[in-house]
Amino acid sequence: MAGEALRAADLPGRGRALLAAREILEGEVILSESPILLYPSSLASLPSYCSACFRSLPPPPHAPCPSCRSAAFCSPACAAASHPRLICAALSNNLAAAPEAHQEPLLFLLSAYSLQEPSLRALLSLSSAPQGPSPSQQQDAASLHAMVASLAPPHLLPPGFSPDLTAALLSKDRTNSFSIMEPYRPDVPLELRKTRAYAVYHQASLLNHDCLPNACHFDYVDRPGPGNTDIVVRALHGISEGREVCISYFAANWRYADRQRRLLEDYGFRCECDRCQVESKWKFDDDDDDNDSGDGDDTMEEEHDKEDAGDGADEGMEQEEGNDDVDDDFPHSFFFVRYLCDREDCYGMLAPLPPLPNGDLSHVFECNACGQLKKEEDADEPDAGESSMVN
């Protein structure tokens with residue numbers, strides 16, 4: 001953790017959480033963490049990305065895995081690091097023939113069962129959704145366990161390999177995995193951006209959800225050097241000591257009904273944060289179960305372990321006194337003007353860049369989806385548009 005900025009705590013009604021251990025400045029990196037588990041999003045992604053670091057592969061020739069010949073690596077260092085041994089074995093044992101719907105969870109399980117014992121214990125220590133697996137999920141777990149047993153050599157499977165352990169691992173994946181996205185390209189709509197890999201982070205898994213978060217996370221998968229799959233969490237604004245640090249599990253522009261549906265289905269709770277309490281009183285003409293307009297941007301989805309909803313915004317997110325532009329029906333509008341990216345079809349979060357070495361604030365904001373940089377005065381102007389980008 002950056003300068004011991006965070007501490008873990010058990011909060012009534014919320015479970016495990018991360019609190020500010022001291023005063024946190026806006027833009028401060030409050031968490032930078034390497035994954036305990038990293039696995040490809042699909043078999044189709046293997047020809048495009050390094051199977052060790054998940055950077056884009058350079059033009060051929062690549063360094064193929066000498067065992068399975070299906071995975072490739074971007075450098076000798078990554079080839080030496082290789083990829084999860086059970087994925088390698090399964091690729092040699094016709095993993096590609098598995099039903100497409102099962103490939104992603106199989107890649108997770110094969111990666112998880114490849115972990116050394118301390119990392120496997122750390123993964124199992126993470127929280128799961130409070131409602132437990134549904135009957136269909138229990139049935140899927142049994143099927144997936146049988147597939148793992150058929151694909152992996154018995155001598156490579158860890159002690160304790162069992163249907164119950166497989167089900168326990170799958171429950172951790174559903175609520176703790178972060179998507180590592182393909183970096184933004186202006187010619188590719190954000191809804192078509194692909195997930196390169198999924199990662200589980202031991203500390204970041206404790207970040208709870210709020211519909212008006214005070215932090216957001218970044219990934220820089222194609223940056224040079226080590227740590228390109230690390231998660232980087234920055235404060236959107238100043239956070240007082242003792243305040244819970246929260247992120248949003250999806251794009252902040254989603255409507256109330258869509259947010260509640262996703263949180264209940266995927267994480268097992270209803271959100272009662274300040275924003276939800278306001279918006280629950282609104283009435284939309286097109287409110288019905290078939291309207292999923294707010295739930296269409298899966299590129300911003302973040303998955304974690306959570307047990308309840310946010311309990312309100314931080315002081316730094318409150319509307320500035322005397323701002324006449326605020327809609328009385330939506331007291332949190334300032335949050336969206338300041339922290340929601342205005343690039344068309346983006347809706348990422350704008351977080352200030354880290355403070356300067358002398359402690360001065362940067363006053364430049366970075367979008368965690370498209371990477372746009374904006375000066376602070378432009379971030380506060382709703383019509384600034386892309387003309388405000390920093391060169």
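**Close-up 1. Val337 in helix α9.** Val337 sits in helix α9, which spans residues 333-339. Helices here are DSSP runs of H or I with at least four residues, strands are E runs of at least two, and both are numbered from the N terminus. This is a predicted model, where local features need pLDDT of at least 70, side-chain atom pairs count only at pLDDT 80 or more, and totals for chains, interfaces and linings use all residues. Residues are numbered from 1 along each chain as its sequence is written, and side-chain values use heavy atoms, with hydrogens and water left out. At a relative accessible area of 28%, Val337 counts as partly exposed, since buried means under 20%, exposed means over 50% and partly exposed is in between (1.4 Å probe, protein chains only). From Val337 to Leu350 it's 13 residues in sequence and 9.9 Å in space, C-alpha to C-alpha.

**Close-up 2. Asp10 in strand β1.** Asp10 belongs to β1, residues 6-11, and is exposed, with a relative accessible area of 56%. Skip the neighbours within four places in sequence, and Asp10 is in contact with Gly15 and Arg16 (contact: heavy atoms within 4.5 Å).

**Close-up 3. Helix α3 against helix α6.** The axes of α3 (residues 100-112) and α6 (residues 163-176) come within 10 Å and cross at roughly 110°. Axes are lines fitted to C-alpha atoms, for helices over the stretch in contact, with angles from 0 to 180 degrees between N-to-C directions. The two helices, α3 and α6, are therefore roughly perpendicular, the label for 65 to 115 degrees. From α3, Pro105, Phe108, Leu109 and Ala112 meet Thr166, Leu169, Leu170 and Asp173 of α6. Sorted by class, the residues of this α3 and α6 contact are 6 nonpolar, 1 polar and 1 charged. Nonpolar takes in Ala, Val, Leu, Ile, Met, Phe, Trp, Tyr, Cys and Pro, charged means Asp, Glu, Lys and Arg, and the others, Gly among them, are polar.

**Close-up 4. Helix α3 against helix α5.** Here the axes of α3 and α5 (residues 135-151) come within 10 Å, crossing at roughly 60°. His102, Pro105, Leu106, Leu109 and Leu110 of α3 meet Leu144, Met147, Val148 and Leu151 of α5. This α3 and α5 contact has 8 nonpolar, 1 polar and no charged residues.

Conventions: Parallel < 35°, antiparallel > 145°, perpendicular 65-115°, else oblique.
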